[in-house]
Amino acid sequence: MNRRFRSGSVRRAAALAALALAVAGCGIRGTSVPVDAGGAPSRVSCQAPDQLVSSGAPGQQRAAVYLVCGSTLVPVERSVTRPKATPGAAVRLPVARALLVELQRPPAADESRAGFSTAVPRSLRVAGPRAGDAPEALRLSVEPDDLPSFALAQLVCTYGRSVTLGRTGGALLGGPGGAVAHRFDCSPDVLANPDIAQHAGWGDPQAEEG
């Protein structure tokens with residue numbers, strides 16, 4: 001009886017040893033502790049539903065705002081109030097404020113399901129240029145470099161690619177202090193890697209648009 005038991009134990013030990021060798025040969029590290037890997041990672045579409053925009057509402061127009069999806073920025077169309085003044089200096093600040101509100105607004109339920117979020121603080125405010133600033137400069141209630149990197153990139157790309165703001169490709173931003181405003185460009189690198197704002201040197205000293 002004991003002999004049969006020992007023989008069976010030897011066979012089981014040999015089988016386990018062979019299995020361990022096979023696993024090692026496949027490049028998989030064996031473990032004696034059960035591992036719960038959880039469910040498969042969810043994938044997001046990063047595609048905003050078209051029905052979020054009401055294109056025919058009186059006094060409204062479509063505008064793109066850049067939201068965070070994964071580790072990139074993606075444009076999402078929103079409906080904002082159409083400026084009553086002729087495009088130019090008179091509409092820059094109202095448009096900048098309307099776009100900021102949209103950036104601060106929590107994504108709708110279907111936007112969230114598609115993977116969208118925003119990093120722009122609800123407390124952030126924007127004002128127009130002060131004496132000595134270029135006409136297109138915008139002054140934020142905090143220094144641009146003190147914003148979360150994704151939030152700064154969202155502002156730069158939303159403002160820089162706004163049709164109403166002139167589609168300049170960037171934004172001339174300053175803070176509440178006396179520091180000169182700097183131009184931040186919305187490049188493909190910024191769209192793909194919004195944390196570029198953490199790198200020193202992003203933002204050129206204030207200069208009028210050519």
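Predicted model: local features only at pLDDT ≥ 70, side-chain atom pairs only at ≥ 80, totals over all residues.
Residues are numbered from 1 along each chain as its sequence is written, and side-chain values use heavy atoms, with hydrogens and water left out. Helices (H or I, at least four residues) and strands (E, at least two) are DSSP runs, numbered from the N terminus.

- β5 (residues 138-140) and β6 (residues 170-174) pair in the parallel sense over 2 bridges; two strands pair if DSSP finds at least two bridges between them.
- Both belong to an open sheet of 5 strands, ordered β4-β5-β6-β7-β8, with mixed pairing.
- At the edges stand β4 (126-127) and β8 (204-205), each of which pairs on one side only.
- Helix α4 (residues 149-160) packs on this sheet and touches β4, β5, β6 and β7 (182-185); contact means heavy atoms within 4.5 Å.
- The direction of α4 makes about 125 degrees with that of β6; axes are lines fitted to C-alpha atoms, for helices over the stretch in contact, and angles run from 0 to 180 degrees between N-to-C directions.

**The antiparallel sheet**

- Here 3 strands form an open sheet in the order β2-β1-β3, with antiparallel pairing.
- Because β2 and β3 each have a single partner strand, one side of each is left without a neighbour in the sheet.
- Helix α2 (residues 89-104) packs on the sheet, touching β1 and β2, and its direction makes about 45 degrees with that of β1.
- α4 turns up here too: it lies across β1, β2 and β3, running at about 150 degrees to β1.

**A closer look at β1**

- Of the 10 residues of β1 (residues 60-69), 7 are buried, so the strand is largely enclosed by the rest of the structure; buried means under 20% relative accessible area, exposed over 50%, and partly exposed in between (1.4 Å probe, protein chains only).
- 2 bridges join β1 to β3 (residues 116-117), and Cys69 has Phe116 as its partner in β3.

**Ile196 in its loop**

- Ile196 sits in the loop between α5 (188-192) and β8, and is partly exposed, with a relative accessible area of 21%.
- Leaving out residues up to four places away in sequence, Ile196 touches Asp189, Val190 and Trp202.
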